[in-house]
Amino acid sequence: MTDPITIPADLLPADGRFGSGPSKVPSAAMGALAGMGSSVMGTSHRKSAVKNQVGRLRSGLADLFSLPDGYEVVLGVGGTTAFWEVAVFGLVQDKAQCATFGEFGSKFAKAIKIAPHLADPTIITGEPGSAAHLTAEDGVDVYAAPHNETSTGVAIDVKRVAAPGLMLHDATSAAAGLPVDLNETDCYYFAPQKGLASDGGLWIAIMSPAAIERAEQIAASGRYIPAFLDLKTAIDNSRKDQTYNTPAVATVVLAAEQVDALNAAGGLDAATKRCAESAGTLYSWAASRDFAEPFVTDEKLRSNVVATIDFDGVDAAEIAKVLRANGILDTEPYRKLGRNQLRIATYPAVDPADTAKLTEAIDYVVAQLS
C-alpha cells in the first residue's frame with residue numbers, strides 16, 4: 001500500500017472549493033445569514049422580513065444585469081429543472097426550436113418533446129465539446145439554448161434569431177459570470193447555486209415584456225397548468241416580493257448577499273473579468289503541459305465559468321481523489337461525459353489566486369503519480 005500524497009501547504013489554495021454546483025459559498029455570506037438568525041428564519045414568507053430579502057435580491061439583480069425597460073425579475077420554487085416545466089406550460093405556445101450541446105439543453109428539449117400539448121420541437125444538436133446554434137424557422141414560437149453548458153464547459157453568445165418568437169436562454173451556470181445583453185433574449189433563467197454562490201431550491205427568470213405577455217396569454221387560454229408550475233402566478237407573486245410557495249429563505253439571503261457583493265465590486269463587468277482571469281489561467285496552464293489540454297478545442301467556445309481539462313498519460317480520477325484528500329474539492333468531471341478530465345468552476349466567488357494555486361497543486365500531484 002502506497003503512502004497518501006500530501007500536497008505542500010504553500011501549493012494549496014486558500015479555499016479549495018471548485019465545484020460547478022453547488023458552488024463555493026463565501027464565508028462572509030454565511031456570516032451575514034447567521035447574523036440575521038430568527039429575524040428571517042422560521043417566520044412567514046408573506047411578511048416583511050422575508051419579503052424584504054426577496055425584494056433585495058430582485059433589486060440587486062436588476063442592477064447587476066442593467067435590466068432593459070419593462071423587463072422583470074421573477075422567482076419561483078424548484079430550481080432550473082422546475083423552470084423547464086414552467087416554460088413548457090407557460091411560454092411555449094406550440095412549437096419550439098432547441099439548441100442542445102450538453103446535458104441542460106438536451107433535458108429541456110426532452111421536456112418539450114414529451115409534452116402532450118406541444119408539437120415536436122426542432123432539435124439542433126452539437127457534439128460534446130462543440131456548440132449548436134439556433135436558426136430562423138417558420139412556425140416556431142420559442143427558440144431555446146443554453147448560454148453555458150455546465151457539463152462540457154462550452155459557452156455561446158446570447159443572440160436573437162432574426163425571426164418572430166421568444167428567445168429563452170438557460171443561464172444556470174452563466175449568470176453573473178458571462179457577459180450578456182438582455183435585449184438579445186426574452187427569458188434569461190437560472191438557479192442560484194452556481195454563479196450566485198448560494199444554495200438550490202429556487203429558479204430566477206429575467207423576463208421581457210414579450211415573455212410576460214406570452215405567459216399571460218397562455219394563462220388566459222384555458223390550458224391546463226399545474227399550480228406549482230403556473231408562470232402567471234409566479235409573476236404576480238414576484239411583483240409583491242414573494243414566491244407562491246414557501247421558499248428556501250436561506251437560499252434567498254445568500255443569493256442577495258452575493259449579488260450585493262458583486263454590485264459593490266463593480267457589477268457584471270468586473271465579475272466577468274474575474275471569471276475570465278481564472279479561466280484563462282487554467283486554459284493557458286493546460287496548453288503548456290504535455291499531460292493536459294483544454295477539452296473544448298475552439299477557443300471562442302471555451303467557458304469562462306466552467307473549465308474542462310483533458311488529461312493524457314495520467315488518471316484524472318486519481319488526481320481528483322488526491323486533491324479531495326488535501327481539501328481541494330469537486331474537481332471531478334461530469335459523470336455522463338465519461339472523459340479522463342477535470343471540471344473546474346471559475347465562478348465570481350472563486351479567487352483567481354486560488355485558481356493559480358490549483359494548477360500548482362495539480363502539477364505536484366501529477367509529478368508524484370508519475
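The following conversation goes through selected features of one predicted model.

Colleague: Before we start, what are the ground rules for this model?

Modeller: The model is predicted, so local features need pLDDT of at least 70 and side-chain atom pairs count only at pLDDT 80 or more, while totals for chains, interfaces and linings use all residues. Residues are numbered from 1 along each chain as its sequence is written, and side-chain values use heavy atoms, with hydrogens and water left out.

Colleague: How many aromatic pairs does the structure hold?

Modeller: There are eleven aromatic pairs. Rings of Phe, Tyr and Trp (its six-membered ring) pair if their centres lie within 6.5 Å; planes under 30 degrees apart count as stacked, over 60 as edge-to-face and the rest as tilted. One of the pairs is Phe108 with Tyr189, which is edge-to-face, at 6.4 Å centre to centre and 75 degrees between the planes.

Colleague: Where in the chain do Phe108 and Tyr189 lie?

Modeller: Phe108 is in helix H4 (residues 103-113) and Tyr189 is in strand S8 (residues 187-190), so that the pair links distant parts of the chain, 81 residues apart. Helices (H or I, at least four residues) and strands (E, at least two) are DSSP runs, numbered from the N terminus.

Colleague: Are Phe108 and Tyr189 buried or exposed?

Modeller: Phe108 and Tyr189 are both buried. Buried means under 20% relative accessible area and exposed over 50%, with partly exposed in between (1.4 Å probe, protein chains only). Phe108 and Tyr189 also belong to one aromatic cluster with Phe83 and Trp203.

Colleague: Turning to the nonpolar cores, how many residues has the largest one?

Modeller: The largest nonpolar core has 37 residues, and Phe83, Leu91, Phe108, Leu168, Trp203, Met207 and Leu231 have the most contacts inside it. Helix H3 (residues 79-90) gives the most to this core, with seven residues. Such a core is a set of buried Ala, Val, Leu, Ile, Met, Phe, Trp, Tyr and Cys residues joined through side-chain atoms within 4.5 Å. Another core, of 35 residues, lies apart from the largest one and includes Leu57, Ala171, Ala175 and Cys275.

Colleague: And what is Leu231 in contact with?

Modeller: Neighbours within four places in sequence aside, Leu231 is in contact with Phe83, Val86, Gly90, Leu91, Trp203, Met207 and Ala215. Contact means heavy atoms within 4.5 Å.

Colleague: What is phi of Asp330?

Modeller: Phi of Asp330 is near 65 degrees, also a positive value in a residue other than glycine. Asp330 is found in the loop between helix H9 (316-325) and strand S12 (341-345). Asp330 is partly exposed, with a relative accessible area of 31%.

Colleague: Lastly, which residues does a cis peptide bond join?

Modeller: A cis peptide bond joins Gly21 and Pro22, with omega about -5 degrees. Pro22 is found in the segment before helix H1 (27-36).
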